[in-house]
Amino acid sequence: MNKSSLYLSLLALVVSAVAIVMAAKKAEQPAAAAAIDSNALSTVLNENPQIIIDALQRYEQIQREAQAKEAAKLFVENWEEISNNPNSLFVGPKDAKVVLVEFFDFSCGYCKRLAPTIEQIVKANPDIKIVFKPLTFMAPVSKYAAKAAIAAQNQGKLMEVYGPMLEQPGLLTEEKVDEYAKKAGLDMDKYEADMDSEEADNLIQDVAALSQKVQVHGVPTLVLNGTPLQTVDPEGIQAAIDALK
């Protein structure tokens, strides 16, 4: 059901509810007088439009809360696959007690804004594991950048390309991706071979499938020990991490 249909359905419910209230007030009156006057009902709604606005806003809130609960359940149920896939991109101890996962896209503006915070969290928390799940739906170059990140991970230099690619002013290009790989000191022959590998394609496909499985509807999405974070503020993320240590 689309949003317009939902609104119409909810509006009908509001009208019905108001009608019931009006009927209740007339319950002790003679039967003839107790009939609902459609004009009176229309007057109530016209004079009190906030009734409909409040109902719509409350309905949307209930929907968001239900979606958040379902997402949280899916993250918990699939946490092992999310946090411990041996082919995942990650930094930090492999078996860390605290694991932060980021679903992101190298072409996502909000992910670009978050990148300095993630780099800060990495530096401040060498004892936690941070897992990177690159999605590639926002621009054609996203897949190329994700493959570059995989190649950099294979040479132990993931963060050396993660930051520069996300913090690139303007649009990221394949030429810029290669430039950042060179600046990071990667073996470019191995870099190119790893980017063209079946392993890279499989990892990107696995991340895409996983994001659908756990219903990641937008990026960036942060998940800490199975719980989705509602903040991208560095202090808020760090506080959540500290609470688990």
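**Entry 1: Glu119.** I began with Glu119, which I located in helix H6. The model I am reading is a predicted one. Leaving aside residues up to four places away in sequence, I listed the contacts of Glu119 and found Met159, Tyr162, Gly163 and Glu167. For one of these, Met159, I looked up the C-alpha separation from Glu119: it is 7.7 Å, although the two residues stand 40 residues apart along the chain.

**Entry 2: H6 against the sheet.** I next asked which strands helix H6 lies across. Helix H6, residues 109-124, lies across E1, E2, E4 and strand E3 (129-135). Relative to E2, I noted that H6 runs at about 155 degrees.

**Entry 3: The sheet.** I then traced the strand order and recorded E1-E3-E2-E4-E5, an open sheet of five strands with mixed pairing. Strand E1 (89-91) and strand E5 (227-228) are the edge strands, each pairing on one side only.

**Entry 4: H6 against H12.** I returned to H6 to describe its packing with helix H12 (residues 234-242). The angle is about 35 degrees and the axes are 10 Å apart. I recorded the crossing of the two helices, H6 and H12, as right-handed. On the H6 side I listed Leu114, Thr117, Gln120, Ile121 and Ala124, which meet Pro234, Ile237, Gln238 and Ile241 of H12.

How values were computed. Residues numbered from 1 in each chain as written. Predicted model: local features only at pLDDT ≥ 70, side-chain atom pairs only at ≥ 80, totals over all residues. Heavy atoms only, no water. Pairing = 2+ DSSP bridges. Helix = DSSP H or I, 4+ residues; strand = E, 2+ residues; numbered from the N terminus. Contact = heavy atoms within 4.5 Å. Axes fitted to C-alpha atoms, helices over the stretch in contact; angles between N-to-C directions. Left-handed = near helix turned anticlockwise from the far one by under 90°.
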